[in-house]
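Subject: Structure handover

Hello,

Here is the structure I promised to pass on. Please open it first, then read the notes below.

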Amino acid sequence: MTTTTSTLDRQAFTGTMARVPAPVTVTTTVDGTGRQWGFTASAFTSLSLEPPLILVCVDRAASVHCAFASAEHFLVNVLAKHQADVAARFAARGADRFTAGDTEPCELGLPGLPDAALRVACRVHEVLDGGDHSILVGHVEATYTSARTPLLYCDRTFDYPARLDRVEHG
Ligand SMILES: Cc1cc2nc3c(=O)[nH]c(=O)nc-3n(C[C@H](O)[C@H](O)[C@H](O)COP(=O)(O)O)c2cc1C
């Protein structure tokens, strides 16, 4: 028997989850041909301390899904408060997200944003089923952190937490 979620349930679900403040990442990888892939992802969280694991969720329907589901490594760039335009570019359909030239090889040689608030470089530990998304579980191999204030996404708006705003610019 097929059970479908009602329109009301879907709206309640998406409307409720939209109110949960989330970090904004640009998650990148490089495939076997050397092609760079990246997408904006807010579904990022810490998972385990021993071993050190994080997770990022990628939509099965996204153009980047195949690249990430078969990747060996990926890099999570947690954006800083001044990088909402970068988030919009890496979420835009059909655009070449790397032509702006603001990435450079960072941890594990993966495409990174030097001005990110922090970066987490991972070896793929496992790719799990997450409904219409795949859950990329990453074993953390290297990290970078800065004093830059992280960008947040809440109520479908980019924002940043004033309490954490320790840096005058960026
Ligand atoms: C703030 C924000 C957060 C997002 N979070 C995710 C996410 O966690 N997982 C995901 O698969 N897509 C997420 N997206 C959507 C993708 O960035 C984007 O829609 C997708 O890469 C574009 O589809 P395409 O790759 O097929 O062109 C997010 C978009 C925005 C603007």
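Predicted model: local features only at pLDDT ≥ 70, side-chain atom pairs only at ≥ 80, totals over all residues.

A polar contact here is a pair of N or O atoms within 3.5 Å.

**Ligand site**

How many residues surround the ligand? There are 17. The closest are Thr40, Ala43, Cys57, Asp59 and Ser63.

Arg97 uses its side chain instead, where a polar atom sits 3.1 Å from a ligand oxygen. On its own, the ligand would expose 640 Å². The protein buries 81% of that area.

**Salt bridges**

Side chains of opposite charge can pair when their charged atoms come close. The cut-off used for a salt bridge is 4 Å, from a side-chain nitrogen of Lys or Arg to a carboxyl oxygen of Asp or Glu. The model has 5 salt bridges by this rule. Three of them are described here.

Start with Asp155 and Arg19. Their closest N and O atoms are 3.2 Å apart. The two residues are 136 residues apart, so this pair links distant parts of the chain. Asp155 is in the loop between strand 11 (152-154) and strand 12 (157-159). Arg19 is in the loop between helix 1 (7-17) and strand 1 (22-23). Asp155 has a relative accessible area of 41%, so it is partly exposed. Arg19 is at 55%, so it counts as exposed.

Next come Arg60 and Asp129. The N to O distance in this salt bridge is 2.8 Å. Arg60 is partly exposed at 41% relative accessibility. Asp129 is exposed, at 61%.

Then there is Glu107 with Arg119. Here the closest N and O atoms are 2.7 Å apart. Glu107 sits in the loop between strand 7 (104-105) and strand 8 (111-112). Arg119 is in strand 9, and the two are 12 residues apart.

Are Glu107 and Arg119 buried or exposed? The cut-off for buried is under 20% relative accessible area. Glu107 has 16%, so it is buried. Arg119 has 6%, so it is buried too.

Strands of a sheet pair through backbone hydrogen bonds, either parallel or antiparallel. In this open sheet, 3 strands run in the order 1-11-12, and the pairing is antiparallel. Which are the edge strands? They are strand 1 and strand 12, each of which pairs on one side only. Strand 11 and strand 12 are joined by 3 bridges. In one of the bridges, Leu152 is partnered by Asp159 of strand 12. The loop between these two strands is the one that holds Asp155.

**A nonpolar patch**

Phe13, Met17 and Val20 make up a nonpolar patch on the surface. Together they have about 310 Å² of accessible area. Phe13 belongs to helix 1. Its relative accessible area is 56%, so Phe13 counts as exposed.

Best wishes

Methods:
Residues numbered from 1 in each chain as written. Heavy atoms only, no water. Helix = DSSP H or I, 4+ residues; strand = E, 2+ residues; numbered from the N terminus. Buried < 20%, exposed > 50% of the residue type's maximum accessible area, 1.4 Å probe, protein only. Pairing = 2+ DSSP bridges. Patch = residues over 30% accessible without salt bridge, like charges linked within 9 Å, V, L, I, M, F, W, Y side chains within 5 Å. Areas by Shrake-Rupley, 256 points an atom, 1.4 Å probe, with all protein chains shown as cover. Near = heavy atom within 4 Å. Polar contact = N/O pair within 3.5 Å; in protein donor to acceptor, adjacent residues only side chain to side chain.
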